[in-house]
Amino acid sequence: MKKRDALRWMAAGALVAGAAGTLTACKQSQPKASFNAIDLTGSKEYAQDFAMPDQNGQRRTMADFQGKVTLLFFGYTQCPDVCPTTLSDLAAVKQKLGAKGDKLQVVFVTVDPARDTPEMLKSYIANFDPSFLALRGSDEELAKMAKDFKIYYKKVDGQTPASYTMDHTAGDYIFDPQGRLRLYSRYGTPVDTLAKDIELLIDGA
């Protein structure tokens, strides 16, 4: 092969290698999924798991929900507006997802175990969606879980001992199908917006 031809082949090879390198670089630098909720992926500031009995007395952990997007929400059954609004929205999100809705598990954690008996929780949750679960722990278990997830809750006295209310953080923690904490969604997030984030996680984002 003549020297000039050899140089030509070397140049062509360099161009191909350069193009391959560019393609590889583009592939590696593709942006990750863009979520509307606050992205907590990789954060170690919040709990990655929990252990608390559900409304049927079965002790639940994240391992029970492998393969599903799990949404964790704190509230109480006598909450006048935030809790029923949120749970209604979550039922609408599940419906919005269609067939993929079966891959969403909503878990409601009561911050008022004194009044929220298992029977009351069963009835309350069923009003929104029969697949939703409610967790009810002891005062100590609740305090630990709230601390782990940086949740605020406080009893506010009413006119009678039984008419108190509970101030509490309103927002959803969302875990991916592998059980990893990924997102925090603020109260009032539109159904369509939340559904898109959850669908991204279901699809492997």
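**Reading the sheet and its helices**

Mentor: Strands β1 and β10 (residues 181–186) run antiparallel and are joined by two bridges. Asp 39 stands opposite Leu 183 in β10. Keep in mind that this is a predicted model.

Trainee: How do strands of a sheet pair?

Mentor: They pair through backbone hydrogen bonds, either parallel or antiparallel. Here, six strands form an open sheet with mixed pairing. Their order is β1-β10-β9-β4-β5-β6.

Trainee: Which are the edge strands?

Mentor: β1 (38–39) and β6 (133–135) are the edge strands, as each pairs on one side only. A helix, α3, packs on the sheet and touches β5 and β6. The direction of α3 makes about 140 degrees with that of β5.

Trainee: How many helices and strands are there in the protein chain?

Mentor: The protein chain has five helices and ten strands. It has 205 residues, and 40% of them count as buried.

Trainee: What lies between the strands in the hairpin of β9 and β10?

Mentor: Five residues lie between them. In this hairpin, Gly 179 takes a positive phi near 80 degrees.

Trainee: And how many bridges join β4 to β9?

Mentor: Four bridges, and again the strands run antiparallel.

Trainee: Which way do the residues of β9 point?

Mentor: Gly 171, Tyr 173 and Phe 175 point one way, while Asp 172 and Ile 174 point the other way. All are buried. With five of its five residues buried, β9 is largely enclosed by the rest of the structure.

Trainee: How many residues of β10 are buried?

Mentor: Five of the six, so β10 is also largely enclosed by the rest of the structure. Now pick out Arg 182, which is found in strand β10.

Trainee: Is Arg 182 buried or exposed?

Mentor: Buried counts as under 20% relative accessible area. Arg 182 has a relative accessible area of 9%, so Arg 182 is buried. Check what Arg 182 touches, leaving out residues up to four places away in sequence. The list includes Phe 35, Ile 38, Asp 39, Ile 174, Phe 175 and Leu 201.

Trainee: Now the helices. Why do residues three or four places apart point the same way?

Mentor: An α-helix has 3.6 residues a turn, so residues at that spacing point the same way.

Trainee: What should the 15 residues of helix α2 span?

Mentor: At 1.5 Å a residue, helix α2 (residues 82–96) should span 21 Å. Its end C-alpha atoms are 21 Å apart, which agrees. Just after α2, Gly 98 takes a positive phi of about 65 degrees.

Trainee: How far does α5 reach from its first C-alpha to its last?

Mentor: α5 has twelve residues and reaches 16 Å, close to the 16 Å expected. In α5, the buried residues are Leu 194, Ala 195, Asp 197, Ile 198, Leu 201 and Ile 202. Their arc around the axis is only 160 degrees, which puts them on the same side of α5.

Trainee: What covers the buried residues of α5?

Mentor: The cover includes β4, α2, β5, β9 and β10. Just after α5, Gly 204 takes a positive phi of about 105 degrees.

Methods
Residues numbered from 1 in each chain as written. Predicted model: local features only at pLDDT ≥ 70, side-chain atom pairs only at ≥ 80, totals over all residues. Heavy atoms only, no water. Expected span 1.5 Å × (residues − 1). Buried < 20%, exposed > 50% of the residue type's maximum accessible area, 1.4 Å probe, protein only. Pairing = 2+ DSSP bridges. Contact = heavy atoms within 4.5 Å. Axes fitted to C-alpha atoms, helices over the stretch in contact; angles between N-to-C directions. Arc of directions from axis to C-beta.
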